[in-house]
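Okay, thanks everyone, let me get the structure up on the screen.

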Protein chains: 2
Amino acid sequence: MAVVVMKFGGTSVANVERIKNVARHVKREVDAGNKVAVVVSAMSGATNQLVAWVNEASPLADKREYDAVVASGEQVTAGLTAIVLQDMGIKARSWQGWQVPIETSEAHGSARISGIAGEALMASLNAGEVAVITGFQGVEPKANRIATLGRGGSDTSAVAIAVAIKADVCDIYTDVDGVYTTDPRIVPKARRLPKVSYEEMLEMASSGSKVLQTRSVELAMVNQVKTRVLSSFVKPEDMAPVRAGNLENIGTIVCGEDEIVENQVVSGIAYARDEAKITMLKLQDKPGIAARIFGPLADASINVDMIVQNVAADGHHTDMTFTVQAAELPRALAVLKAAMVDIGEFELQSSADVAKVSVIGIGMRSHAGVAAHMFKALADKGINILAISTSEIKISVLIDAAYAELAVRTLHSIYGLDAA
Amino acid sequence: MAVVVMKFGGTSVANVERIKNVARHVKREVDAGNKVAVVVSAMSGATNQLVAWVNEASPLADKREYDAVVASGEQVTAGLTAIVLQDMGIKARSWQGWQVPIETSEAHGSARISGIAGEALMASLNAGEVAVITGFQGVEPKANRIATLGRGGSDTSAVAIAVAIKADVCDIYTDVDGVYTTDPRIVPKARRLPKVSYEEMLEMASSGSKVLQTRSVELAMVNQVKTRVLSSFVKPEDMAPVRAGNLENIGTIVCGEDEIVENQVVSGIAYARDEAKITMLKLQDKPGIAARIFGPLADASINVDMIVQNVAADGHHTDMTFTVQAAELPRALAVLKAAMVDIGEFELQSSADVAKVSVIGIGMRSHAGVAAHMFKALADKGINILAISTSEIKISVLIDAAYAELAVRTLHSIYGLDAA
C-alpha cells in the first residue's frame with residue numbers, strides 16, 4: 001500500500017471524456033490498494049476565459065476578486081472528477097481549498113501556501129475515499145477569502161498536499177510523457193530523461209522548461225518529495241500502479257542527486273523567448289548607480305535576470321544591459337524613466353526580440369570547460385552572445401531570438417544529448 | 001437612507017457589458033446614500049452548461065458534487081460585479097455562500113436556507129461597502145459543503161438576505177418590467193400590475209408564472225419583506241433611487257393586501273404547460289385506495305397537483321385522474337406499476353399534452369360566482385375541462401394543451417383585465 005498524489009493538468013481534464021480517462025488512472029491505483037489524493041487543474045481554456053472576463057471588467061481588478069472568479073475553474077473539475085469516480089463505483093469526494101483548508105499568504109493572485117491541515121484529508125483517505133482536491137487555490141485565513149497561487153500553481157498544490165499527507169510519490173500527469181533533454185518540437189532527437197535531480201529540474205523550470213512550475217520543484221526539493229512527470233494520455237491500464245519503495249521507471253522521476261547513479265555533465269538545454277532586454281547607455285559611472293537602477297525595479301516587483309555592465313568608450317560613462325520578463329517591459333521602462341531624477345541622464349534601448357538559452361547539468365560542478373565549449377560552439381555558428389549568467393549547474397546566454405533554435409540544436413548535439 | 005437588496009438574474013448579468021449596466025443601477029442607489037446588498041445569479045446559460053457536464057459525468061451524480069460544480073457560476077458573476085463596481089469607484093466586495101455564511105439544510109440540489117448570519121454583511125455595509133453576494137447557494141454547516149437551493153433559488157437568496165439585514169426593500173431585477181395580468185406574449189393586451197398581494201403572487205408563481213420563484217414569495221410573505229419586480233434593462237439613470245418609507249411606483253410591488261387600496265376580483269391569469277395527466281382506470285373501489293396510490297408517489301418525492309375521482313360505469317370500480325410535473329411522468333408511472341401489487345389491477349393512461357390555466361384574485365374570497373363564470377366562458381368556446389382544483393383565491397382547470405392560449409385570452413377578457 002502506498003499513499004499517492006496524482007495531479008492532472010488542464011489538457012488532461014479538458015472535457016468530461018478526458019476526465020473519465022483520468023478516473024481510469026485513479027481506479028488503477030485504488031484497485032492496487034493505494035490511498036489516493038487527486039489534484040486537478042481547471043479545464044484547459046477555462047482559466048483563460050475567466051481571466052479575459054476579469055480584464056474586460058477592469059484592467060486593474062482587485063486581486064481578491066480576481067481570485068474569487070478564476071478559482072471557480074478548479075471547483076468545476078474537482079466536482080466532475082468526484083462524480084465520474086463515484087459512477088465507476090469508487091468512493092470519492094471533492095475538496096475546495098477552503099474546505100481542506102489549504103491556507104495561503106495574503107499575496108492574492110500569486111499567493112504561497114502557508115500550511116495545509118492534512119487531518120481531514122487523511123481521515124477521508126483512511127476511510128477508503130479518494131480525495132479530489134482543487135489545485136491552484138487556497139484560502140487566506142485572516143479575511144477568509146479565496147487566494148490563487150498564480151499560473152501553474154496546481155503543481156505546487158500537488159507537492160504541498162504530498163507533503164501534508166506524507167505521500168510516497170507525487171505523480172504529475174501532463175500531456176508529455178516526461179522531462180526531455182530539450183523541447184522535442186525543436187530537436188526531434190531530444191531524449192526523455194528517466195531521472196533528473198531536483199537542482200537540475202529547478203534550473204530547467206526557471207530557464208524556460210514548462211513541464212513543472214518552479215515553486216513546485218523548490219517545494220519538492222526542500223521536502224524531498226519524490227515527484228514523477230507522466231503522460232495522462234498513456235492508456236491507464238498499460239501502466240503499473242505505484243508500489244511503495246519501488247517506483248516504476250516510467251516518465252521522469254525528479255529525485256535527489258544521490259539516487260541518480262551517473263550524472264551527466266549536461267543533462268538538458270532549456271530556452272525561453274519571454275525575456276526582454278533593456279540597455280541603458282551613457283550612464284554616469286558613479287558609486288551606487290546599480291542600486292539606484294535596480295532598487296526601483298525591485299520595489300515595483302519586477303524581476304531582473306541577466307545583468308551586464310560595460311565601461312563606455314569615454315571612460316566616464318557606463319552602459320548597463322539586463323533582462324526582464326517581456327510582459328513586464330513597458331512597466332520596467334516606465335519605472336526607469338521615473339527614476340531618471342535619481343539615476344541621472346541616460347539613453348534607453350529595449351528589445352523583446354531576444355531568447356535565453358541555457359545549458360544545465362549537475363555534472364558541471366566537477367567539470368571545467370563547459371562554458372568555454374558552449375561559447376565556442378555558438379561563435380562557430382556566428383551567434384552573438386548579448387549577455388551571460390551562470391549558476392553552479394547552469395550557463396545561460398542571451399542571444400537574438402532568430403538564432404534560438406539553431407543554438408538549442410547545436411548545444412544539444414555538442415553535449416552528446418542527441419538520441420542515437 | 002435605506003437598506004436595499006438588489007437581485008439580478010441571469011439575463012441581467014449575461015456578459016461583462018450587462019454587468020456594467022447592473023453596476024450603474026447599483027451606483028444610483030449608492031449615490032443616494034443607500035446601503036446596498038447585491039445578489040447575483042450565474043450568467044445566463046452558465047448553469048445549463050454546468051448541469052450538462054454533470055449529466056455527462058453521471059446521470060446519477062452525487063447531489064453534493066452537483067452542488068459544488070453548479071455553484072461556481074454565481075461565484076464568477078459575484079466577483080466580476082465587485083470588480084466592475086470598484087472600477088466605477090464604489091467600494092465593494094464579493095461574498096460566497098460559505099463566507100457569509102448562508103446556512104442551508106442538507107437537501108443538496110434543493111436545499112432550504114436555515115439561517116443567515118447577517119453580522120459580517122452588516123459590518124461591511126456599515127463600512128460603506130457594497131456586498132455582492134452569490135445567489136442560489138449556501139453552505140451545509142455539518143459537513144461544511146456547498147449546497148444549492150434549486151432552480152430560481154437566487155430570488156429566495158435575495159429575500160432571505162433582505163430579512164437578515166432588515167432591508168427596506170428587496171428589488172428583483174429581471175428581463176421584464178413587472179408582473180403582468182398574464183403572459184404578454186400570449187395576450188398583447190396584458191397589463192402590468194402596479195401592486196400585487198403576497199397571496200396572489202404565491203398562487204401565480206405556483207400556477208406557472210415564472211417571474212418570481214414560489215419559495216421566495218413565501219419567505220417574503222412570512223417576513224413581510226416588501227419586494228419589487230423591476231427591469232434591469234431600463235436605463236439605470238432613468239429610475240429614482242429607493243427612499244425609505246416612500247417606494248416609487250415602478251415595476252410591480254409585492255406587498256400585504258392591506259396596502260392595496262382596491263382589490264380586483266381577478267388580478268391575473270396564469271398557465272403552465274409542464275404538467276402531465278395520469279389516469280388510472282378500473283381501480284377497485286375499496287377504502288384506502290387513494291392512500292395506496294398517493295403514498296408511494298409521496299415517498300418518491302413526486303408532487304401531485306390536481307386530483308379527480310369518478311365512479312366507473314359498472315358501479316364497482318373507480319377512475320382516478322391526477323397531474324404531476326411532466327418531467328416526473330416516467331418516474332411516476334414506474335412507481336405506480338410497482339405499487340400494483342398493493343393497489344390491485346388497473347389500466348394506466350397518461351398524457352403530457354395538457355395545460356393548467358388558473359384564474360387568481362384576492363377579491364374572489366368575497367365574490368361568489370367566479371368559478372361558474374369561468375366554466376361557462378370555457379364551455380362557450382368548446383373547451384373541455386379535464387380536472388379542476390381550487391383554493392380560496394384561485395381556480396385552476398386542466399385542459400388540452402391545444403386550447404391553452406385560447407383559454408387564457410378568453411379569461412383575460414371576461415374578467416376585465418384587457419388594457420383599454
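So, what is the order of the strands in the open sheet of chain A? It goes β3-β6-β2-β1-β9-β11-β12-β10, 8 strands with mixed pairing. Before I go on, the housekeeping: this is a predicted model, where local features need pLDDT of at least 70, side-chain atom pairs count only at pLDDT 80 or more, and totals for chains, interfaces and linings use all residues. Residues are numbered from 1 along each chain as its sequence is written, and chains are lettered from A and ligands numbered from 1 in the order in which they are written.

A word on terms: helices (H or I, at least four residues) and strands (E, at least two) are DSSP runs numbered from the N terminus, and two strands pair if DSSP finds at least two bridges between them.

At its edges sit β3 (92-95) and β10 (195-197) of chain A, each pairing on one side only. From one strand to the next, the twist averages 20 degrees. β3(A) runs parallel to β6(A), residues 130-134, with 4 bridges joining them, and there A:S94 stands opposite A:V132. Helix α1 of chain A, residues 16-31, packs on this sheet and touches β1, β2, β6 and β9 of chain A; touching means C-beta atoms, placed from the backbone, within 7 Å. The direction of α1(A) makes about 175 degrees with that of β1(A), with axes fitted to C-alpha atoms, for helices over the stretch in contact, and angles running from 0 to 180 degrees between N-to-C directions.

Over in chain B, have a look at the hairpin. β7(B), residues 137-140, and β8(B) pair antiparallel over 4 bridges, with B:V139 opposite B:I146. There are 4 residues between the strands, and B:N144 in the turn has a positive phi of about 60 degrees.

Now, how do the two chains relate? Chain B can be laid on chain A with an RMSD of 0.1 Å by a turn of 180 degrees and a shift of 0.0 Å along the axis, superposing by least squares on C-alpha atoms of residues with pLDDT of at least 70 in both. The two copies are thus related as by a two-fold rotation axis. The same surface serves both: 100% of the contact residues of chain B recur in chain A.

Technical notes:
Two residues are in contact if their C-beta atoms, placed from the backbone, lie within 7 Å.
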